[in-house]
Amino acid sequence: SGFKWLTTAIANYRLTGCQESHNRGLLAANDLAGRFNPVGRFIRAWNDDGTGKLAGWAIIDCMMNLPLLYWAFEETKDPRFMQIATLHADTAEKYFIRGDGSVNHIIEFDPATGEMVKSYGGQGYEEGSSWTRGQAWAIYGFVLSYIHTQNIKYLNAAKRIANYFIANIPENGLIPVDFRQPVDCLWEDSTAAAIAACGLLEIEKQVSEHEKHVYWDNAL
């Protein structure tokens, strides 16, 4: 996945030109592309136990895998990498982002027809809740998709989610595990805060001057 290989083999290739690292990065990109469901236009999240029950499950985290495919396209000029990345991003934009800018963690699709079956709470507090690390993956992932494609739809998606995230930051500035967790639950997620900050800083670089302060100030 992009989580593992962008920060290891591909980082090493960029720094040293190591051909073995380059090959490992392309192998990882091909493996990721092999998880694409062409009917549902999504990259499946998990391997299965042989029952097929997880064949249609996709997760918001996968937005952070897409830069691996963008990199593979830039290296090989093979359009399937770009096509798979953008088709998955389009599906995520349509099905994962709710009207208020919050996001689902898991969406189950029918792997045979591509139709949405239902959403799951996943690592959030419950179904329909707002797992903050998922919000952060979405912010960062969509703005990176914009950077690689210049498709304004992805920047707008990142801003919608970011604006929701910013509006829900508690007064103490500490990011909870879930924006909709009970008030007596004091669990926090510094990782969600760090990921969101990275995404906000990338948005700040892409927006007009009068918008920059919104994302810069909240990232800090």
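**Strand pairs and the rest of the fold**

Author: Let's start inside a sheet. Ala58 has Ile107 in β4 as its bridge partner. Keep in mind that this is a predicted model.

Reader: OK. How many bridges join β3 to β4?

Author: Three bridges join them, and the two strands run antiparallel.

Reader: What about β4 and β5? How many bridges there?

Author: Four bridges, and β4 and β5 also run antiparallel. One of the pairs is Ile106 with Tyr120 in β5. Phe109 stands opposite Met116 in β5.

Reader: So what holds paired strands together in general?

Author: Strands of a sheet pair through backbone hydrogen bonds, either parallel or antiparallel.

Reader: In what order do the strands sit in this sheet?

Author: The order is β3-β4-β5, in an open sheet of three strands with antiparallel pairing.

Reader: What lies between β4 and β5?

Author: Six residues lie between them, and the two strands form a hairpin. Gly114 sits in the turn and has a positive phi of about 85°.

Reader: Which way do the residues of β4 point?

Author: Ile106 and Glu108 point one way. Ile107 and Phe109 point the other way. All of them are buried. As a rule, side chains in a regular strand alternate between the two faces of the sheet.

Reader: What does Ser119 touch?

Author: Leaving out residues up to four places away in sequence, Ser119 touches Asn104, Ile106, Ile107 and Glu127.

Reader: And how far is Ser119 from Glu108?

Author: Their C-alpha atoms are separated by 6.1 Å. Along the chain the two residues are eleven residues apart.

Reader: Changing topic. Where is His105?

Author: His105 is in the loop between α5 (79-95) and β4 (106-109).

Reader: It's in a loop, then. Is His105 buried or exposed?

Author: His105 counts as buried, at 5% relative accessibility.

Reader: Which side chain does His105 make a polar contact with?

Author: With that of Asp61, at 3.2 Å. Beyond residues up to four places away in sequence, His105 touches several others, including Ala58, Phe96, Tyr120 and Trp131.

Reader: Now a helix. Which residues of α9 are buried?

Author: Helix α9 covers residues 209-219, and its buried residues are Glu211, Lys212, Tyr215 and Ala219.

Reader: Why do the buried residues line one face of α9?

Author: Seen down the axis of α9, they fall within an arc of 115°, so they line one face of the helix. In general, an α-helix has 3.6 residues a turn, so residues three or four places apart point the same way.

Reader: What covers the buried residues of α9?

Author: The cover includes α7 (152-167) and α8 (190-206).

Reader: Zoom out. How many helices and strands are there?

Author: The protein chain has nine helices and five strands. From the N terminus, the elements run α-α-α-β-β-β-α-α-β-β-α-α-α-α. The radius of gyration is 17 Å, close to the 17 Å that the globule rule gives for 220 residues, so the chain is as compact as a globular protein of that length.

Reader: What box do the C-alpha atoms fill?

Author: Roughly 50 × 45 × 30 Å, taken along the principal axes.

Reader: Last one. How much of the chain is buried?

Author: Buried residues make up 49% of the 220 residues. As for contacts between residues at least 6 apart in sequence, 61% join residues at least 24 apart.

Methods: Residues numbered from 1 in each chain as written. Predicted model: local features only at pLDDT ≥ 70, side-chain atom pairs only at ≥ 80, totals over all residues. Heavy atoms only, no water. Buried < 20%, exposed > 50% of the residue type's maximum accessible area, 1.4 Å probe, protein only. Arc of directions from axis to C-beta. Contact = heavy atoms within 4.5 Å. Polar contact = N/O pair within 3.5 Å; in protein donor to acceptor, adjacent residues only side chain to side chain. Pairing = 2+ DSSP bridges. Rg over C-alpha atoms; globule rule 2.2 N^0.38 Å.
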